[in-house]
Amino acid sequence: MAPLAGVLIDRWDRRRLLIITQVLSAIQAIILFALVVTNIIEVWHVVILGIFLGLVNAFDMPARQVFVVDIIEKKEDLGNAIALNSAMVNIARLFGPSLAGIILAWKGEGLCFFINAISYLAAILALVLMDVAPIPEENRSKKLDPLVELKEGF
């Protein structure tokens with residue numbers, strides 16, 4: 001799905017796409033939470049929900065990386081923005097599982113899945129409140145390809 005997703009991401013409104021992927025991820029997390037809390041979860045549920053989340057992430061991750069480029073107004077800030085985004089992702093990867101392990105031992109997996117489900121609300125709210133100017137179609141390739149400007153300079 002990733003190659004197809006990349007093509008579609010270049011053609012669609014990325015902010016809207018990210019809102020959709022975050023809502024779909026939240027729905028997946030809510031379903032997983034509900035199945036665990038009601039104690040009716042089975043292996044096939046986990047497999048189907050995992051495949052679903054994988055398909056959603058095939059669109060979410062590349063769209064999120066390109067969206068960082070879209071929201072930066074000054075080209076000289078791009079390196080700092082990419083570094084900050086990378087740092088936030090890696091900090092979440094480091095502390096998320098550690099925190100989940102503590103919560104799992106303290107209250108069980110139901111609370112972990114609930115916190116995961118509501119954590120998507122912050123991302124959805126931030127995306128909804130963002131004021132991002134749409135990139136005109138004729139400028140989209142220039143914004144995405146830093147080598148275009150270099151080539152045009154010669």
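Modeller: The confidence score used here is pLDDT, the predictor's confidence in each residue, which runs from 0 to 100. The protein chain has an average pLDDT of 87, and 86% of its residues score at least 70. This is a predicted model, in which local features need a pLDDT of at least 70 and side-chain atom pairs count only at pLDDT 80 or more, whereas totals for chains, interfaces and linings use all residues. Residues are numbered from 1 along each chain as its sequence is written, and side-chain values use heavy atoms, with hydrogens and water left out.

As to the overall architecture, the protein chain contains seven helices and zero strands, where helices (H or I, at least four residues) and strands (E, at least two) are DSSP runs numbered from the N terminus. Its order along the sequence reads α-α-α-α-α-α-α. Of the 154 residues in the protein chain, 27% are buried; buried denotes under 20% relative accessible area, exposed over 50%, and partly exposed the range in between, with a 1.4 Å probe and protein chains only. A contact requires heavy atoms within 4.5 Å. Among contacts in the protein chain with a separation of 6 or more, 78% join residues 24 or more positions apart.

H5 comprises 21 residues and spans 31 Å from its first C-alpha to its last, close to the 30 Å expected at 1.5 Å a residue; the expected span is 1.5 Å times one less than the number of residues. Its buried residues are Gly 110, Cys 112, Ala 117, Tyr 120, Ile 124 and Leu 127. These buried residues pack against H2, helix H3 (43-71) and H4.

Two packed helices are described by the angle between their axes and the distance between the axes. On the H4 side the contact involves Ala 100, Ile 103, Leu 104, Trp 106 and Lys 107, and on the H5 side Glu 109, Leu 111, Cys 112 and Ile 115.

Ser 25 is placed in H2 and, at 1% relative accessibility, counts as buried. Beyond neighbours within four places in sequence, Ser 25 contacts Leu 53, Val 56 and Tyr 120. Ala 26, also in H2, is buried with a relative accessible area of 7%. Leaving aside neighbours within four places in sequence, Ala 26 is in contact with Ala 117 and Tyr 120. Ala 26 and Leu 53 are 27 residues apart in sequence and 9.8 Å apart in space, C-alpha to C-alpha.

The pLDDT is below 50 over residues 146-151, a stretch with three contacts in the model beyond near neighbours in sequence. Where pLDDT is low, the predicted coordinates should not be read in detail.
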